Amino acid sequence: MKIYPIEAGNFKLDGGAMFGVVPKTIWNKTNPADNNNLIDIAARCMLIEDGNRLILIDTGMGNKQSEKFFGYYSLWGDFTLDGSLARYGFHRDDVTDVFMTHLHFDHCGGSVNWNATKTGYEVAFKNANFWTNDNHWEWATKPNAREKASFLSENILPMQESGHLNFIKRPEGDFGISEELGFGIFYVDGHTEKMMIPHIQYQDKTIVFCADLIPTAGHLPLPYVMGYDTRPLLTMPEKAKFLNAAAENNYFLWLEHDAHNEIITVENTEKGIRLKEVYRLSDIL
């Protein structure tokens, strides 16, 4: 098995929205804002090469939305999904599986492109199976008013229309091994219904793709919950359970949205779970 970081593009989000009730005087120390109160955000996807399978976890925003849409998110930097794949000698047509932690636009927008004539949409990975779970699919395709702007039909429905959409069989509890993809998944409901947090066993290490459960290293304290979460009071015990396990088992936490910290470990302190070490993927492979 080999693992690669696929940087799908950087953008900015409002710092207050990213930290909810936490005052700016606190979160600005770890995630400094610009003059518009915006903080740096990454779309750091993961590519897993395992035998004859090439599994991509999340796909970023994509590039099919309007200039006005992207203007809300202050895109910056030179990273693209295609460029990142090419860096490691891959093309999107090589991808066999696309696993989506959840279907918010900044996690699955790159799964669908315009067709050649820009008259409709098509899946961006023509040889891939697309993976979600039935509960989240139902939630995303019949969105509540709070999340409607994040669940865009053009990012979601073409996967079903392609015939390549698959639902992962969920366990009885909140953690199980996916028979379909071969890695563990922790299911959480605080951010959105049945978001999936993959646990990848690599040699003697557990690398966890944190998605929006732990967006950045600045979000480790339990009350530091995003304003985007639909059930913030549920996010807190989910984070507590996850972070205690991460500290106890020395998980390597892959931060999808932290533009400046790729991977971290955590430890238990008098103040609760806090940052232990910061790594790049090349440091631990």
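Predicted model: local features only at pLDDT ≥ 70, side-chain atom pairs only at ≥ 80, totals over all residues.
Which residues in α6 meet Ile156, Leu157 and Gln160 in α7?

**View 1. Packing of helix α6 with helix α7.** Helix α6 covers residues 134-141, and helix α7 covers residues 153-161. The axes of the two helices lie 10 Å apart and form an angle of about 130°. The helices α6 and α7 are therefore oblique to each other. Their crossing is left-handed.

**View 2. Residues at the contact of α6 with α7.** Helix α6 contributes Trp137, Ala140 and Thr141, which meet Ile156, Leu157 and Gln160 of helix α7. Sorted by class, this contact comprises four nonpolar residues and two polar residues, with no charged residues.

View 3. The structure contains zero disulfides, and cysteine 45 accordingly takes part in no disulfide. The nearest cysteine sulfur belongs to cysteine 108 and is 11 Å away. A disulfide would require the two sulfur atoms to be within 2.5 Å. Cysteine 45 has a relative accessible area of 0% and is therefore buried.

View 4. Is cysteine 108 buried or exposed? Its relative accessible area is 0%, so cysteine 108 is buried. The closest cysteine sulfur to that of cysteine 108 is in cysteine 45. Because these sulfur atoms are 11 Å apart, they are too far from each other for a bond.

Definitions and conventions: Residues numbered from 1 in each chain as written. Heavy atoms only, no water. Axes fitted to C-alpha atoms, helices over the stretch in contact; angles between N-to-C directions. Helix = DSSP H or I, 4+ residues; strand = E, 2+ residues; numbered from the N terminus. Parallel < 35°, antiparallel > 145°, perpendicular 65-115°, else oblique. Left-handed = near helix turned anticlockwise from the far one by under 90°. Contact = heavy atoms within 4.5 Å. Nonpolar A, V, L, I, M, F, W, Y, C, P; charged D, E, K, R; others polar. Buried < 20%, exposed > 50% of the residue type's maximum accessible area, 1.4 Å probe, protein only.
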